Amino acid sequence: METPSEAPPELLMLVAGAKGAIGTTLATAVAALQERPQLVLSGLTTAGRFSFLGDCTAVAMAGWDRTGEAIDAAILRHGVLPEGVWRSFETGLREIPIFQAPHASQPMADQIRQLQADMQQCRGRYPQARPVLINLLPAACNLADPHRYETVDQLVAEADQGILPDLAYVLAAVDLGIPVVNFSPNTVELPAVCRLAADKRVLLAGRDGKTGQTYFKVVLASALKARGLYVDGWYSLNILGNADGLNLMNPDNACGKLSNKTNLLDDILGYPVGERYGRSAHKVHIDYYPPRGDAKEAWDVIDITGIFGLPMSLRLNLQGRDSILAAPMALDLARWAVALQSAGFGGPVADLGFYFKKPVGEKAPLTFEEQLTALENLEAQISARIGESGKI
Ligand SMILES: NC(=O)c1ccc[n+]([C@@H]2O[C@H](COP(=O)([O-])OP(=O)(O)OC[C@H]3O[C@@H](n4cnc5c(N)ncnc54)[C@H](O)[C@@H]3O)[C@@H](O)[C@H]2O)c1
């Protein structure tokens with residue numbers, strides 16, 4: 001028999017894109033944690049970590065979205081969860097405050113002001129809880145020449161706010177001292193943003209959640225490298241039929257995601273795959289295929305050679321569920337971000353590379369083993385800096 005949670009929230013997730021496929025799955029997970037926690041706890045990597053953050057179930061969510069539809073209509077539209085699952089948490093779901101997102105045509109300074117007022121209102125509602133921003137906005141084009149914005153003031157005044165709406169959320173949060181988890185593939189960690197975060201000791205975790213195909217790519221590439229098996233080529237295909245998949249059909253929106261999915265292989269292996277052909281033999285394709293909905297499928301064809309250069313080949317077929325894989329990671333990352341910030345970490349933390357396709361920060365761990373070790377080291381540093389009281 002499960003015991004419903006009665007603890008007041010100690011973690012407050014502020015979610016940009018709260019009515020999207022991941023956002024609504026996360027909302028259902030938060031509601032389920034209050035009533036039937038075992039449905040979710042088994043899928044968390046942080047359930048046994050960071051006891052100073054309180055019980056894993058002591059979590060609340062609020063957020064923003066552009067769509068004004070009710071959350072239950074959004075859940076039905078995404079079709080991620082069977083109705084029999086999410087309907088039992090309907091009361092909890094309706095209690096989640098979701099604000100109207102600022103309009104893209106507003107100057108960025110006004111957007112930031114509006115978002116900060118919403119953030120402060122949420123903090124007032126849950127005064128005990130540690131807030132964290134989770135960015136789940138759609139994949140978007142990156143800003144051209146991000147280095148030209150030397151200061152945040154210049155960025156706010158000059159950047160085209162319509163291109164990367166994520167920036168207003170991130171700047172609003174960092175300015176209020178709220179840590180940021182960037183689950184989207186969008187490059188919000190511009191030099192000026194990183195400088196501000198480092199100065200204010202606000203944690204930045206990102207970018208691009210490593211949920212399915214790329215997670216297994218890191219595992220397999222690390223295993224092949226450890227055995228000295230040479231990777232001659234790697235072909236990856238994804239089909240998905242959710243809103244993210246449709247959005248990624250626009251090449252401008254897909255370029256960040258594709259480069260995040262592609263670059264890491266050569267880095268893990270230490271040589272360019274396809275070097276003997278004079279061009280990359282690591283190919284990644286994403287295709288929108290409506291019948292699949294959120295139940296994404298991915299295939300990998302991996303060509304390897306052993307001694308005497310003799311060829312062998314490996315096939316991987318992942319029949320995944322995008323948002324079911326992503327939502328628990330967003331919860332885990334929220335806990336990591338507040339734990340790290342509470343322990344005095346600020347700016348981008350590359351050692352969270354286990355969770356991301358493109359870890360931001362210096363010297364990110366590359367292989368699967370290095371990424372697990374980096375997490376253990378981070379956890380040890382947090383424990384060493386924080387006593388039982390949860391204070392440094
Ligand atoms: N699912 C995965 O496995 C996975 C893995 C890595 C990264 N991601 C990324 O996570 C992000 C979210 O994925 P998703 O499947 O939930 O996408 P989605 O398209 O279903 O959700 C995005 C939500 O953001 C809302 N939105 C758009 N502009 C907004 C704005 N300016 N302010 C507030 N809300 C706004 C949309 O209305 C929508 O509800 C995407 O960038 C995706 O590429 C997903």
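The centres of domain 1 and domain 2, taken over C-alpha atoms, are 26 Å apart. Domain 1 covers 11–209 + 324–385 and domain 2 covers 213–319, with bounds that come from an automatic or database domain assignment. This is a predicted model, in which local features need pLDDT of at least 70, side-chain atom pairs count only at pLDDT 80 or more, and totals for chains, interfaces and linings use all residues. Residues are numbered from 1 along each chain as its sequence is written.

**Where the domains meet**

- The contact between the domains takes 20 residues from domain 1 and 22 residues from domain 2; two residues are in contact if their C-beta atoms, placed from the backbone, lie within 7 Å.
- On the domain 1 side, the residues that touch domain 2 are nine nonpolar, seven polar and four charged. For these classes, Ala, Val, Leu, Ile, Met, Phe, Trp, Tyr, Cys and Pro count as nonpolar, Asp, Glu, Lys and Arg as charged, and the others, Gly among them, as polar.

**Around the ligand**

- There are 32 residues around the ligand, and Gly-17, Gly-20, Ile-22, Ala-101 and Ser-184 come nearest. A residue is near a molecule if its C-beta atom, placed from the backbone, lies within 6 Å of it.
- Both domains take part, as domain 1 and domain 2 each give at least three residues to this shell.
- By class, the shell holds 15 nonpolar, 11 polar and six charged residues.
- Helices α1 (21–35), α11 (243–247) and α13, along with strand β2 (59–65), each supply at least two residues of the shell. Helices (H or I, at least four residues) and strands (E, at least two) are DSSP runs, numbered from the N terminus.

**Helix α13 and the main core**

- Helix α13 spans residues 322–342. It has 21 residues and reaches 30 Å from its first C-alpha to its last, close to the 30 Å expected at 1.5 Å a residue; the expected span is 1.5 Å times one less than the number of residues.
- Of its 21 residues, 20 are buried, so α13 is largely enclosed by the rest of the structure. Buried means that 20 or more other C-beta atoms lie within 10 Å of a residue's own, exposed means 12 or fewer, and partly exposed is in between, with C-beta atoms placed from the backbone.
- Just after α13, Gly-344 has a positive phi of about 95 degrees.
- The largest nonpolar core has 99 residues, of which Ile-134, Val-181, Ala-330 and Ala-334 touch the most other members. Helix α13 gives this core its largest share, 13 residues. A nonpolar core is a set of buried Ala, Val, Leu, Ile, Met, Phe, Trp, Tyr and Cys residues joined through C-beta atoms within 7 Å.
- Leaving aside residues up to four places away in sequence, Ala-334 touches Leu-11, Met-13, Val-132, Ile-134 and Val-181.
- A second, separate core has 13 residues, including Val-218, Leu-220, Trp-234 and Phe-368.

**Helix α10**

- With 14 residues (213–226), α10 reaches 20 Å from its first C-alpha to its last, close to the 20 Å expected.
- After α10 comes Gly-228, whose phi is positive, near 70 degrees.

**Backbone spots to look at**

- Most residues other than glycine have a negative phi, and most peptide bonds are trans.
- Gly-206 and Arg-207 are joined by a cis peptide bond, with omega about -5 degrees. Arg-207 sits in the loop between β6 (203–206) and α10.
- Asp-208 lies in the loop between β6 and α10 too, and has a positive phi of about 75 degrees although it is not a glycine. Asp-208 counts as buried because it has 24 C-beta neighbours inside 10 Å.
- Phe-308, in the loop between β9 and β10, also has a positive phi, near 65 degrees. Phe-308 counts as exposed because it has 5 C-beta neighbours inside 10 Å.

**A buried loop residue**

- Ile-178 is in the loop between α8 (166–175) and β5 (180–182), and is buried, with 24 other C-beta atoms within 10 Å.
- Beyond residues up to four places away in sequence, Ile-178 touches Met-119, Pro-131, Val-132, Leu-133 and Ala-173.
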